[in-house]
Amino acid sequence: MSIMEYNGGSVIAMVGKNCVAVASDLRLGNQALTVATNFEKVFPITDRIYLGMSGLATDVTTLRETFRYRVNMYTIKEERDIEPEAFAHLVSSTLYERRFGPFFIEPVIAGLSKTSSGAFRPYIAGADLIGCLNFAKDFVVAGTASEKMFGVAEGLWEPDLEPEDLFETISQTLLNSVDRDAYSGWGAIVHVITPEQVITRTLKARMD
Amino acid sequence: MVAVPDMDSLVNPQQRQFNPYTENGGTILAIAGADFTVIAGDTRQSEGYSIQTRYAPKVFRLTDKAVLAVNGFAADGNMFVKKVKQRLEWYRHAHAKDMPLRAIARLIQTMLYARRFFPFYVYNILGGIEDDGTGAVYSFDPVGSYERETCRAAGAAQSLVQPFLDNQIYFKNQLAAPGMSHPTHLPLPDVLSIVIDSFTSATERHIEVGDGLEMYVVLAKGRGLGGMEAIGGVQELSERTEGERLFVVRRELKKD
Amino acid sequence: MDHFPTNWGRPRNDAYDSYGTYPIPHRPYNGPKDAFGEGVQRTQQPIVTGTSVLAIKYKDGIMMAADNLASYGSLARFKDVQRLTAVGEFTVIGASGDMSDFQYIQSMLDDKMVEEFTSQDGHALGPAEIHEYLSFIMYGRRTKMDPLWNSFLVGGFKEGQRFLAYVDLLGTTYSASAMATGYGAHIALPLLRTAVEGKENLLTEEQAQKILEECMKVLFYRDARSLNKYQIATITAAGPSISESRELATSWSFAEGIRGYGAQTQ
């Protein structure tokens, strides 16, 4: 059995018009046995950046702390918040440090980056477990339901979705995907990041 | 370092088994309406990373009211369709009528289970019109377990398409507007657009899906064309217009 | 596809015979024996093998090409073997894979043609029927777990209709306007497709021949189990015709400029 499927779980991020959304399921499993249904896999990094991680739960927890430490160090040294682009490369190089004994997680990064004019531009990125970055224009997926999310997102997503429509699109994509995945589900959490605020909603889902 | 075979593997007889199966990619899909059924499949046939041909049909007319889609190992699939067609012809000679859909479904189960210990490596989806005039889809596993459903995807992109269908056909995870309820069956034009969207999505994200799309449409007796007129590139396959009517709609898919 | 015919239908095993020095060396064996083990011979391996066959549709019919080599492992064993054969008045078959299995199939097809002829029913087997028959034989043998280790292209022309299709040791069949077996499916097929697709009704015999010759040349440069001696078959309204063996004009002057290719001093 693959380590990547040991605990189960799925994460997804999508681009909208002047906003991004990132979501995960809430299941923590021990192979087929569900042991917790409140295991969030998406964490705030700054006010405008969220990081989702799917894969081995112990590595999710470890890396969450690693990134908190490294982002804090960056903030102190630079005396400013990290931008999504820089954070994506921080994630990438942190993972590549362990190239031959990797952390078993696939990260998903979603944020708004500040342009020179002071406006915000949506930014998402994904990576594999050794940090090969994927800068997608539409959506990125990771986890045990990734194939399903690719299929549903490819059918539901469209460009320039407003925050509420983006919320609906990412929620429907995640929910319908995890309902067909034995290793994901049992509730979900969605964060929609706009320049003004971050809207976080917990979704009820099938519990079977 | 060159890998040197150990003496044991040279002295003892080599047990290298011939593998009688391969996987030829592609995806199939069927959706039942109230009085029609759509059965679709892409036309790419591949082995590994090689595209063998861009046009190898996976969906076959059995009768004017029954269509069979096969996916998996192409040689087994073609042979299986051939044998089903043969059994249906024998039935026609014995009973002077076409076999009813639910009987074809049971026949397919029997034929698949007959090869329980050397299975046809094929996922079957049977679609058509039941004797009571309703649209029906039957889906099978390679050894004959089967079930009547409203919609089913199978093959290489099953995992991409099926959850999309759950959402768009069964309205899973969607609440109806207050005081309203979801329709149990969708109209034909909606179903055809969902099928086309499913295949374009699967083509985009799965390398074994693409090239062409064939959608067979079976209409119940006396239903009228309702919704077919607006669609381009339709070819009628049924000879009589009194009974169930059978059409095929072809579309191009991306070839990369 | 795996180029080495001995690996066809088998799981990969890099630890064993990594140089492809088939056939498998047989050593004396004194361990416990299954007394009935030899009673049933199931799987085999290809011994003397032919490499790629190429075929395309063109204006007047089908054109097919195959070289004249039958290899014994990596040894170029027989250099004057015909891998294209006419069957009846309308069909040519091109064979790759095991040559003895091919010869067995040839004799089987001969018997079938004689049988059909003697029935004098006014019907002659065309390429579609021969391909169907061949696919039944191949699929039947794979189902018995005793395959005939070949990939065939069947080309033909009958009643104004071109026919071109494939069948292999698993019974897999398909049809297209440009086809290739073995290594050719990787190296030559992309070239054939760009040259042929959409132009099936325009290509003249000369153009078709030039395309195939070019592809045979590319294959000879890159396929270590190929030969610069090959034949071309055409199947048109006039029936099948298989050319005499011809040589490929190849040039190796480019090797001089590449370090490690030609003779050089560092």
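A:Glu83 is buried, with a relative accessible area of 18%, where buried denotes under 20% relative accessible area, exposed over 50% and partly exposed in between (1.4 Å probe, protein chains only). The model is predicted, so local features need pLDDT of at least 70 and side-chain atom pairs count only at pLDDT 80 or more, while totals for chains, interfaces and linings use all residues. Residues are numbered from 1 along each chain as its sequence is written, chains are lettered from A in the order in which they are written, and side-chain values use heavy atoms, with hydrogens and water left out.

The partner of A:Glu83 is A:Arg48, and the two side chains form a salt bridge at 3.3 Å, N to O; the term requires a side-chain nitrogen of Lys or Arg within 4 Å of a carboxyl oxygen of Asp or Glu. A:Arg48 is likewise buried, at 15% relative accessibility.

In chain B, a salt bridge joins B:Arg44 to B:Asp211, with 2.8 Å between the closest N and O atoms. B:Arg44 lies in the loop between β2 (36–42) and β3 (45–47), and B:Asp211 in the loop between α5 (188–205) and β11 (212–219), so the pair ties together parts 167 residues apart in sequence. Helices (H or I, at least four residues) and strands (E, at least two) are DSSP runs, numbered from the N terminus. B:Arg44 is buried at 2%, and B:Asp211 at 1% relative accessible area.

Other contacts cross between chains. B:Lys82 forms a salt bridge with C:Glu132, the closest N and O atoms lying 2.2 Å apart. This pair runs from helix α2 (residues 74–95) of chain B to helix α2 (residues 127–143) of chain C. B:Lys82 is partly exposed at 33%, as is C:Glu132 at 34%.
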